[in-house]
Amino acid sequence: MLLSGGGLVAGAAAASAGWALSTQPAAPPDPAVIPPDDDLMREHGVLKRVLLCYREMISRVQAGEPLDAQDLHDAALIIHDYIEGFHEGLEEGYVFPRLVQAGRLASTVTTLLVQHARGRVITQFLLAGATAKGVASPGGPARLAAAMQAFDRMYEPHEAREDTVVFPAFRQILPAAELTDLGQYFAELQHQEFGTNEFAAVVARVASIEQNLGIYDLAQFTPQVSQYIPSP
Amino acid sequence: MRQRRPAHPGSARRRRHAGLALALAVVILGACGCGGSDKSGPAAATETGAPGGMTVTITARTVPKVGTVLVTSQDLVLYVFAPDHHRAITCKGTCLGTWPPLMLPSGSKLAAGAGVKRGLLGSDRDPSGGRVVTYAGWPLYTYTGDVDPGQATGQNLNLNGGLWYVIRPSGLPLIPRS
């Protein structure tokens, strides 16, 4: 497995890390910049909302209703561009290696990496199938719904585990100054790759899909509970 | 074999991360042997006769579903990034988190294992620092999704702005027929 071997090279790399430790003081932290783990968790919020969109589309297919290719494409593209193309790169580049180096959660990290890879395969399938022809083809909607279901089933526990175990562990092992520095760097990377107001723009994109699907109104999910109240 | 995690351009404090990332890049290769593997022992980056030198060896291996392709000394499949156009490294930022480039440490040598053409091996300056191993002009990367040796789960993946392919010993990427 990837996580075996490499001790000689690791030692050489660790030695080379020494040259890069700057003695210059870090710039004062920008209070507008959030810690890296908090940043990753709010990005999970985007993922969660897309999973909800997928769930709604799955329900429609199962009810025999048509699947909107544009909504599916837009949702899958958010996953592709923002979650897989950005968020996961942050985790894979900055969070997972540090945990493994600290001897923490190596097995979990491996599972998460495999799930990232599997998720990307599913997203490519969804993007390829999210066409007028694809959703109209015999069996097409069912295959797309099955793919969304597999994606949802994997990523719900995936992000929950990251939020409750992986990111707290990461926060534990990273010195406070490095956390601050990394948070600022994450913000800069996001700005470089997506431009200004990037997070708000992605959220707006998700909201638009939710509106198309009729699931944007939060209040509609509030259940009636009188039946759960015991009789006096 | 040396892989690098994302480096941070710019300020001195970011260089702290660059070095850390460099260390961590290889640590992820060298952590505890969790799970099964048919490889054991340290990475195959070996000492040369040159004082302080190392050798980065590229070999060819037959991998399921893709055939004979280039791999690292740890049997990690190597990829090329179509937007690099076998000329320059264009993977940057978070792309590097998912696709660590194969680095050539200063003072190290390149070696061609069985099946690999030594004349096609080279290195390019990495805009983020250091030098990246190239083959037929293509910068070489590994993929974090390949958690075991001999996997090629990144083949034909469209991610981080372009397509990724394994590369044959001939120097040609394995581009599927459309």
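Modeller: One term before we start: helices (H or I, at least four residues) and strands (E, at least two) are DSSP runs, numbered from the N terminus. With that, the elements of chain B run β-α-β-β-β-β-α-β-β-β-β-β-β-β from the N terminus on. Keep in mind that this is a predicted model.

Colleague: How many helices and strands does chain B have?
Modeller: Chain B has 2 helices and 12 strands.

Colleague: What are the ipTM and pTM scores?
Modeller: The model scores ipTM 0.85 and pTM 0.83.

Colleague: And what is the mean pLDDT of chain B?
Modeller: The mean for chain B is 79. In that chain, 71% of the residues reach 70 or more.

Colleague: Where does pLDDT stay under 50 in chain B?
Modeller: Over residues 8-52 of chain B. The model still has 138 contacts beyond four places in sequence for that stretch.

Colleague: Let's switch to chain A. What should helix α6 of chain A span, going by its residues?
Modeller: Helix α6 of chain A covers residues 140-173, which is 34 residues. At 1.5 Å a residue, α6 should therefore span 50 Å. Its end C-alpha atoms are 47 Å apart, which agrees.

Colleague: Where does α6(A) bend?
Modeller: At Glu162(A), by about 45 degrees.

Colleague: Which residues of α6(A) are buried?
Modeller: Among them are Leu144(A), Met148(A), Phe151(A) and Tyr155(A). Glu159(A) and Glu162(A) are buried too.

Colleague: Why would residues three or four places apart point the same way?
Modeller: An α-helix has 3.6 residues a turn, so residues at that spacing point the same way.

Colleague: What do the buried residues of α6(A) pack against?
Modeller: They pack against α2 (36-62), α3 (69-101), α4 (106-129) and α5 (132-136) of chain A.

Colleague: Tell me about α3(A). How many of its residues are buried?
Modeller: 27 of the 33 residues of α3(A) are buried, so this helix is largely enclosed by the rest of the structure. α3(A) also bends, by about 35 degrees at Ile83(A). Just after α3(A), Gly103(A) takes a positive phi of about 75 degrees.

Colleague: How many residues are in the largest nonpolar core?
Modeller: That core has 49 residues. Those with the most contacts inside it are Val50(A), Tyr54(A), Met57(A), Leu72(A) and Ala75(A).

Colleague: Which helices supply at least two residues of this core?
Modeller: In chain A, α2, α3, α4, α6, α7 (176-194) and α8 (198-213) each do. The largest share, 14 residues, comes from α3(A).

Colleague: What is Leu72(A) in contact with?
Modeller: Leaving aside neighbours within four places in sequence, Leu72(A) is in contact with Met57(A), Leu67(A), Leu126(A), Ala130(A) and Leu144(A). Leu144(A) is one of the buried residues of α6(A).

Colleague: What does the second core include?
Modeller: The second core is separate and has 38 residues. Ile58(B), Ala60(B), Trp99(B) and Tyr143(B) are included.

Colleague: Back to chain B, then. What percentage of its residues count as buried?
Modeller: Of its 178 residues, 53% count as buried. Take the contacts in chain B between residues at least 6 apart in sequence: 65% of them join residues at least 24 apart.

Colleague: How do strands β3 and β4 of chain B run, parallel or antiparallel?
Modeller: Antiparallel, with 5 bridges joining β3 (residues 54-63) to β4 (residues 67-71). Thr62(B) has Thr68(B) in β4(B) as its bridge partner. β3(B) and β4(B) form a hairpin with 3 residues between them. Lys65(B), in the turn, has a positive phi of about 80 degrees.

Colleague: Where does Asp75(B) lie?
Modeller: In the loop between β4 and β5 (79-81) of chain B. Phi of Asp75(B) is near 65 degrees, a positive value in a residue other than glycine.

Colleague: Last one. What does Lys117(B) touch?
Modeller: Not counting residues up to four places away in sequence, Lys117(B) touches Ala112(B) and Pro169(B). Lys117(B) is found in the loop between β7 (109-112) and β8 (121-125) of chain B.

Methods:
Residues numbered from 1 in each chain as written. Chains lettered and ligands numbered in written order. Predicted model: local features only at pLDDT ≥ 70, side-chain atom pairs only at ≥ 80, totals over all residues. Expected span 1.5 Å × (residues − 1). Bend = angle between axes of the 7 residues up to and from the residue. Buried ≥ 20, exposed ≤ 12 C-beta atoms within 10 Å, placed from the backbone. Contact = placed C-beta atoms within 7 Å. Core = buried A, V, L, I, M, F, W, Y, C linked by C-beta atoms within 7 Å. pLDDT = per-residue confidence, 0-100. Pairing = 2+ DSSP bridges.
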